[in-house]
Amino acid sequence: MSEQDFIPKEYPKTVESGKVGWESPSNIALIKYWGKKKHQIPENPSISFTLTHCKTITSLSYIKKKKEDSEFSFEVYLDNEKKDDFKPKINTLFKRVEIYLPFLKAYEFTIETKNTFPHSSGIASSASGMSALALCLMSIERLFQPEMSDGFFNKKASFLARLGSGSACRSIEGDLIVWGHTDSVKGSTDLFGIKYPYKIHDNFKDYQDTILLVDKGEKQVSSTAGHNLMLNHPFAKERFQQAHYNIKALKPILESGDLSAFIKLIESEALTLHAMMMSSMPYFILMKPNTLEILNKIWLFRQQTGLHISFTLDAGANVHVLYPKNQASQILEFIKSELVAYCQNGHYICDQIGYGAQLIKN
Ligand code: PMV
């Protein structure tokens with residue numbers, strides 16, 4: 001498919017007003033996206049677990065303007081409070097997607113949104129937020145084109161979400177999503193996320209993700225700035241190649257359920273992401289001392305018990321502790337007794353692999 005396939009022909013129908021809503025989850029990458037071309041075309045393929053509990057709930061009300069003008073008209077509310085500082089990002093999204101959703105200037109919109117996780121938790125809301133909004137926009141487009149298939153709906157929602165925030169394209173469906181073209185995954189594309197098309201062993205069903213909130217503050221370096229630092233990065237070429245190689249290496253692991261090999265691969269990916277940050281120019285470190293304390297404790301506990309506890313990191317100091325559901329009771333006990341002490345105000349979130357966004361009926 002190409003971008004052109006998302007430009008609609010004349011709509012057979014139109015609607016005056018209404019309201020649609022979606023709940024969309026966050027996701028956590030196992031093989032990381034770090035480095036992009038224009039409009040979130042990734043420099044390398046990535047693969048993620050979709051989450052269940054960390055999500056954004058968004059409703060979009062729309063009313064046809066009496067006379068179409070040349071402006072996007074919308075208001076945004078977060079937790080029932082007007083959020084004008086969200087407007088520039090949404091305006092940028094609208095500008096980027098207007099060619100694919102030509103009705104945008106014909107309506108006045110009200111966006112009401114909330115997150116299930118605390119706003120200042122260090123958990124990025126861009127993946128869940130942008131995907132929820134993209135899905136709402138697609139629900140409106142579907143009213144104009146009722147014959148649209150679910151497959152096309154999901155692809156286009158992912159495509160639009162990507163134009164808002166790259167990793168958001170991996171939040172539409174679950175449980176494992178691949179984004180970015182790579183020869184080892186059939187159907188993979190830079191334009192949108194696809195469901196991982198091969199066998200996944202039962203060991204990875206209901207995989208747990210306990211997110212340890214080490215630092216809830218604003219990041220010193222935004223992910224946009226971080227991606228840009230890959231442009232002239234001395235190790236960029238090797239890193240992008242490594243991501244292709246790692247996705248290929250993950251395939252037999254996912255099929256056979258080899259948890260030890262899985263752990264090695266994903267922990268190496270997490271540390272490689274941060275190694276790229278440390279070797280950028282300018283260089284930066286997003287991990288905190290407590291992040292390292294947690295990683296060392298996880299390694300020691302794994303060595304002592306043989307349990308399949310592991311970690312991954314996103315672009316921040318928080319630690320995602322990953323483990324299979326059948327080892328959850330011992331591992332959660334360890335997290336509570338040994339790791340929570342390193343979290344800011346003792347805060348952590350228990351999540352698990354999920355199956356994608358949900359339409360809010362009525
Ligand atoms: O979607 P962005 O621009 O916030 O970038 C996400 C980057 C990482 O979280 C570090 C990795 C990933 O693949 O999600």
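In this predicted model, helix H7 (residues 289-305) packs against helix H8 (residues 328-339) at an angle of about 140°, and their axes lie 12 Å apart. That angle makes H7 oblique to H8, and the crossing is right-handed.

**Contact of H7 with H8**
- From H7, the residues Ile294, Lys297, Ile298 and Phe301 take part in the contact.
- They meet Gln330, Ile331, Phe334, Glu338 and Leu339 of H8.
- By class, this contact comprises 6 nonpolar, 1 polar and 2 charged residues.

**Packing of H1 with H3**
- The axes of H1 (residues 87-97) and H3 (residues 150-164) come within 9 Å and cross at roughly 130°.
- The crossing of H1 and H3 is right-handed.
- Leu93, Arg96 and Val97 of H1 are in contact with Leu160, Leu163 and Gly164 of H3.
- The residues of this contact divide into 4 nonpolar, 1 polar and 1 charged.

**Helix H6 and its N-terminal cap**
- H6 spans residues 259-278 and has 20 residues.
- From its first C-alpha to its last, H6 reaches 29 Å, close to the 28 Å expected at 1.5 Å a residue.
- Asp258 caps the N-terminal end of H6, with a side-chain oxygen 3.3 Å from the backbone nitrogen of Ser260.

Notes: Residues numbered from 1 in each chain as written. Predicted model: local features only at pLDDT ≥ 70, side-chain atom pairs only at ≥ 80, totals over all residues. Heavy atoms only, no water. Helix = DSSP H or I, 4+ residues; strand = E, 2+ residues; numbered from the N terminus. Expected span 1.5 Å × (residues − 1). Polar contact = N/O pair within 3.5 Å; in protein donor to acceptor, adjacent residues only side chain to side chain. Axes fitted to C-alpha atoms, helices over the stretch in contact; angles between N-to-C directions. Left-handed = near helix turned anticlockwise from the far one by under 90°. Contact = heavy atoms within 4.5 Å. Nonpolar A, V, L, I, M, F, W, Y, C, P; charged D, E, K, R; others polar. Parallel < 35°, antiparallel > 145°, perpendicular 65-115°, else oblique.
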